[in-house]
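Hi,

Here is the structure I promised to pass on. Have a look at it first, and my notes on what turned up follow below.

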Amino acid sequence: MIDDAISISCTCEETYDSNTQFIKLDEILAEYKYKDGGLIPVLQIAQGLFGYLPDEVLRHIAKNMDKPYSEVAGVVSFYSFFSTQPRGKYVIKVCLGTACYVRGGKQVLDAIKKELAVDVGETTTDKLFSLEVARCFGACGLAPAIMINDDVHQRVKPTRIKQILSSYYKFEEEGLDHA
Amino acid sequence: MINITIDGKPYSVEEETSVLEACKDAGIKIPTLCYLEKVQAIGACRVCLVEIEGVHDLVASCVMPVSEEMKIHTNNRRVREARKVVVELLLSEHDGDCQICDRNEDCELQSIAHDLGIRELRYQGAKAPRRYDESTAGLVRNSTKCISCRRCVTVCTEMQSVSALFPQSRGFKTIIGPAFGKELNTVTCVQCGQCAAVCPVGAISERDQTAEVWAALDDPNKTVVVQTAPAIRAALGECFGMEPGTLVTGKMTTALRRMEFDAVFDTNFSADLTIMEEGTELLTRLKKALVDGEQVALPIFTSCSPGWIQFVEYYYPDMLDNLSTCKSPQQMMGAMVKTYYAQKLGKKPEDMFMVSVMPCTAKKFEAARAEMNSSGVQDVDVVLTTRELGKMISEAGIDFQALEDSEMDAPLGLGSGAADIFANTGGVMEAALRTAYEIITGREIPFDNLHVTPVVGMEGIKEAEITIEGTLPEWSFLEGVTAKVAVAHTLGNARALVEKIRAGEAVYHFVEVMTCPGGCIGGGGQPRITTDKIRKARMKAIYAEDEGKALRKSHANPQIIKAYEDFLGEPLSHRSHELLHTKYFEKERV
């Protein structure tokens, strides 16, 4: 279940269909409520469901797991994986683990920042892309690597950024879902 | 027993003793910052490092249990240098404006830096981001002083079960506070100030209101009246280097006169008034239940402790009817000073300025509650903590220890011994029983020296049963009834007790709750740092104050009798309701 949660990619819009998602969340809460260490998997799944972790959802989780809201907030703010802001349709994660960093990950990150005019943690105004930094995907042989939702792009060069992103714009124009 | 060696000398210690405790028992002082006896041992600050033979790294002694044949070194170059570096790194982030800090000369970081011989700041790091939280009436938080020791988190979460504070974010950006760095007034903080009481540095303190009091004292148009809670007299001396548990009632009164307060009154007077009102409320409710067969909310919870009141408003709003409608003694005094006493002086309520000295930070919030203006203006203008009064006395240049004793003023300066013990956990209950039992039976309560011993002491939840026999005719419906009472201190214990009552596992008539450990003597506004040893010393002093008085029952206080005759009428009268009782409100838990 935890592995499932991690692989659920963000499909968020700024608003969410709260009814269905809350019903699903309650099922998850019932399963994890009494499990030690249940908070993190619940947060992961909730983020998968809602695309991010809205305040309302966090309070719901705190109440139902009988945990202080301050503690839930403490866990959410500790891990960079969790986001309390709505994210773009595509979340770009730039690996800055040792191998990727050495092979130019930082320059790749700068190129994306420039291309999308956003900083790390921000979302483009068209809500299409969010930019995040990650520490090692376990794909060091492909360094420098970036992930856009579930797609891993390998041996990325700053000069290739435009081309990579354009394929997402193209899918968007054609009304298709990118893999 | 475990055999260990500390700095070459053999010792034999109990199993499961920590290295820190073993060293302390051996007379070796190891510096600590995050550690707090009986509250927290988490090895977070790394100041208490020691070397253990055979262990590669230095270890935090507060979380290291002793083991057989362990060889500990507390004082070699490696240990001394490591501790120094740890403290230097803390100082590199710390806003070190010691001279103007609230905790100057009362700061654990400052004194450890001194003890470790740190004379230069070798590391110049970035300072923590400045966040100043003045959102509540009682407390002020300053993130630039915080060393992330987490003592406040532990007391707020484990002792008080409020959990307003928790570490947020990570690494250098870690901030100890409410969820997502919000302000205290956005969460269920009850302003008990136990966080401020355990803070080793100047990161959490009471809101400093000394300037407002000086301004009032300077204002020729104001009659400035002060009241002091019973817990102050057993603790104020500590601000001037006196032993914990030294009673300073007389010196404190003299000091307040030197500061030119126009009248020095005793919260003990209004504590006696509370007993009259609350005792009558209890007996009335019992009569309704037992004689008239009415549905009434039982048990009655005491209402003196404003942190507890907010706790019920947030967490148990369905039990608001169980709270006694009596205002706290502080607020009763404010209302009486601005009406009864003002009338005696021929003054208007707005000409009076009421200052309270309380062991409490939540009292600042209580005084500011919108309901607390029965006199037509805010009944209590400013609440000072014990610590703030200590600072004002120092500021005034008064040599406290050298002061002669003096008596408080008439008529609101007279209180009974029953009122003194309001400062201790179990004290309000004992005071109430002294009066209620005597009203019902005409005889003194059948306990040695008037002390209801089952409710005395530091146990978290205490219970007592008293079977009522030989009632006076008008109370005959209570004949043979066994009165069941309970006492809890700290909100964690209060929560446990309330849950038991709600589950129907325990049935009581009357329940006393005090927010702070040990009661008001362990309040959030008392001199720092309050350990169990200090709590016990203050409690002992309070009982001694009670026993030293001829007047030990609230209903026998001649000034109380006179106040009812001349002004209030009788307990629960219309005027009493207007001045001495209040309402509570459900608050949304955020």
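**What I found**

B:S161 is buried, with a relative accessible area of 16%, and since the cut-off for buried is under 20%, that value puts B:S161 inside the class. Before you read on, keep in mind that this is a predicted model.

You'll find B:S161 in the loop between α4 (151-159) and β8 (166-168) of chain B. As background, most residues other than glycine have a negative phi, and most peptide bonds are trans.

B:R46 is another non-glycine residue with a positive phi, this one about 65°. Look for B:R46 in the loop between α1 (19-25) and β3 (49-52) of chain B. Is B:R46 buried or partly exposed? B:R46 counts as partly exposed, because its relative accessibility is 38%.

Chain B also has some cis peptide bonds to check on your screen. One of them joins B:L298 and B:P299, with omega about -5°. B:P299 sits in the loop between α8 (267-290) and β13 (300-301) of chain B. Another cis bond runs from B:A410 to B:P411, and its omega is near 0°. For B:P411, go to the loop between α12 (386-395) and α13 (417-420) of chain B.

One more stop in chain B is B:T228, which belongs to strand β11 (residues 223-228). B:T228 counts as buried because its relative accessibility is 0%. What is B:T228 in contact with, leaving aside its neighbours within four places in sequence? The answer is B:R233, B:M252, B:L256, B:F265, B:D266, B:T267, B:V357 and B:M408.

**Over to chain A**

Chain A has eight helices and four strands. Going along the sequence, their order is α-α-α-α-α-β-α-α-β-β-β-α. Of the 179 residues in chain A, 44% are buried. If you take the contacts in chain A between residues at least 6 apart in sequence, 66% of them join residues at least 24 apart.

Two packed helices are described by the angle between their axes and the distance between the axes. In chain A, the axes of helix α3 (residues 39-50) and helix α5 (residues 69-78) come within 11 Å and cross at roughly 65°. That angle makes α3(A) roughly perpendicular to α5(A), since the class runs from 65 to 115 degrees. The crossing of α3(A) and α5(A) is right-handed.

Which residues meet where α3(A) and α5(A) touch? From α3(A) there are A:L39, A:I40 and A:L43, and they meet A:V72, A:V75 and A:V76 in α5(A). By type, the residues of this contact between α3(A) and α5(A) are six nonpolar, no polar and no charged.

That's what I have for now.

Cheers

Note on methods:
Residues are numbered from 1 along each chain as its sequence is written. Chains are lettered from A and ligands numbered from 1 in the order in which they are written. This is a predicted model: local features need pLDDT of at least 70, side-chain atom pairs count only at pLDDT 80 or more; totals for chains, interfaces and linings use all residues. Side-chain values use heavy atoms; hydrogens and water are left out. Axes are lines fitted to C-alpha atoms, for helices over the stretch in contact, and angles run from 0 to 180 degrees between N-to-C directions. Helices (H or I, at least four residues) and strands (E, at least two) are DSSP runs, numbered from the N terminus. Angles under 35 degrees count as roughly parallel, over 145 as roughly antiparallel, 65 to 115 as roughly perpendicular and the rest as oblique. A crossing is left-handed if the near helix is turned anticlockwise from the far one by less than a right angle, and right-handed if clockwise. Contact means heavy atoms within 4.5 Å. Ala, Val, Leu, Ile, Met, Phe, Trp, Tyr, Cys and Pro count as nonpolar, Asp, Glu, Lys and Arg as charged, and the others, Gly among them, as polar. Buried means under 20% relative accessible area, exposed over 50%, partly exposed in between (1.4 Å probe, protein chains only).
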